Amino acid sequence: MTPTLDELNQAFLRLLTPAPALGTACEMHDATSCEGKGVSPNPAPTPPPTSAPVPPCRIVEGKTKGYHFDADLAPDQIVPAGRLLDERGFAIDAVTGVDWLAAGQMEIVYDFYHPVSVLHVVLRCRVPREGAEVPTLSEVFPGANWHERETHDFFGIRFTGHPDLSPFLLPEDADYHPLRKDFTGAA
Amino acid sequence: MLLEKLQSAVGAGVILPDGHETFVLNLGPQHPATHGVLRVKLTMDGEYILRAEPVPGYIHRMQEKMGENRSWSKYLPNTSRIDYLSAMTYTHAYVLVVERAAGIEVPPRAEYLRVITSELNRISSHLVWFGAFLLDLGGFTPLLYAFDDREKILDLLESVTGSRLTYCYYRFGGLCNDVDAEFLTGAREFVAYMRPRLAMYRQLVTDNIILRKRLEGIGRIDAELCRKYGATGPVIRGAGVANDVRRVEPYSVYPLLDFKIPVYSECDCMARYLVRMDEMEQSLRIVEQAIAQLPEGPVMGKVPRVVKVPAGDYYHAVEAARGRFAIRIVSDGKEIPYRIKLRTPSFSNLSLFEEASRGMMLPDALALMGSLDLVIPDIDR
């Protein structure tokens, strides 16, 4: 089955909104407005006055961003979202982190591509920077195992349920996380 | 005490239900079959593998952190040192993602030349794999032929880029310099020279019964395994899936060129071997067409002196010699990247090794590893 963007959007809306949303499809967001939520102080282009919060998932202009669908998740939604993509034949591309030091947050970014269609999906999850912890996706996609281990190496983000978070690319006695923005150098 | 420590370090033997005792065999980090400094911790039941655990990281250089302390353009040389055999395609991904983010236009001549040099680089990369893979299997001669042919590509690329391996030829908005007529003549001659060579490889190697016995039906990797682990490139195309970024998410001038995506559905080492052999032929076709279509004009577009990327995150994937290579950049609008993530094909392709090698005989597992075409700095970064 080759998934379509609209179907994917509907499925994610069902997953991410607790009460059934009244079937309103997310409108197309341009490159800048989909960054509006949380990512650095943005000169937010037309922010809708107070009401209408940014939907938790949105279709993105692939030509300018390089991906087609973007969803913000809470930690407990990661595994269900992974399963949703797994059922639709997506493949795991990468898992990584971004350290938002000023905002005191860690962002975990999951990339998925589809082996036979052009679709590229991004899942994001932001957690407090100290003690950052999210569930592992390695039971849905075994390929996530190495990516999560690397992300733990570089950012110190813990993946609960991960079989082995010992240093992977870093030396076996490493107790530092070099991609944290406050990292000053290994002793 | 010391014995206990040693045993816990290497893993002690375990008595299996059938009365056999396992032992731990250390492969690498210095071992010719791992093509660089990769270590694999093997738990063996006689000649059979119970568990093969890759231990990468021996040449980790923190390439991603290096991106956070230099300007966008100063990171360009780093991208050619990740997979050193496929430097052109890697710099291609980086210039493409920055051009996408900053809205930089590239003149058509530059894109054509990028494709020509990238495809020549792909052939030279596959030739190294061809030689090294057969060396793994015990055939020494093909390596000498392959390196002889590869030398011609290196000479050609050296004449325009100044380097023989870690090319840094692409710039944001174009290329650092145009090619001369000699390069184009040389590339045309190379295409004419290489075709009979590939036919000769078919006779000398591909049709060889010993090679076929070593590869056919060995090292099964199917489409589902590729999907679950994110394996791409010749690995997924040897599993019957026509996944090629050049076709699935077209970039540069690839949509204007006529070429086939070789696919074999046998899922074994032979399928992956044949995919790469066919790909060299297709790359020759691409080079030939791109030279014929090469437009006149500038090779550098309008680019600000200091490149700044609008705040946000951007992503671009390319088809490198080993599969899908992608860069995710995050910018906060400054002159220095906020975050650069490198998604490398060897990393994902190796991650399925533990599952794929379970129950295999050790010599077959080395054939499987060779058929993944690993480049270790591409895993370790």
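Which residues of the largest nonpolar core touch the most other members? In this predicted model, that core holds 171 residues, and those touching the most other members are Phe12(A), Tyr110(A), Phe112(A) and Leu123(A) from chain A, together with Tyr94(B), Tyr273(B) and Ile329(B) from chain B. Helix 5 of chain B gives the most to this core, contributing twelve residues.

Let me stay with Phe112(A) for a moment. Setting aside neighbours within four places in sequence, Phe112(A) is in contact with residues that include Leu85(A), Phe90(A), Ile92(A), Leu123(A), Leu137(A) and Phe141(A).

One of those contacts, Leu85(A), brings us to helix 3 of chain A, residues 78-87, where the buried residues are Ile78(A), Ala81(A), Gly82(A), Leu84(A), Leu85(A) and Asp86(A). As a general point, an α-helix has 3.6 residues a turn, so residues three or four places apart point the same way. The cover over the buried residues of helix 3 includes helix 1 and strands 2, 4, 5 and 6 of chain A, and also helix 9 (223-229) of chain B. Just after helix 3 of chain A, Gly89(A) takes a positive phi of about 80 degrees.

Helix 2 (62-65) of chain A supplies at least two lining residues, as does each of helix 4 (87-102), helix 5 (108-136) and strand 6 (312-320) of chain B. By class, the lining has 13 nonpolar, six polar and six charged residues.

Terms used:
Residues numbered from 1 in each chain as written. Chains lettered and ligands numbered in written order. Predicted model: local features only at pLDDT ≥ 70, side-chain atom pairs only at ≥ 80, totals over all residues. Heavy atoms only, no water. Helix = DSSP H or I, 4+ residues; strand = E, 2+ residues; numbered from the N terminus. Nonpolar A, V, L, I, M, F, W, Y, C, P; charged D, E, K, R; others polar. Buried < 20%, exposed > 50% of the residue type's maximum accessible area, 1.4 Å probe, protein only. Contact = heavy atoms within 4.5 Å. Core = buried A, V, L, I, M, F, W, Y, C linked by side-chain atoms within 4.5 Å.
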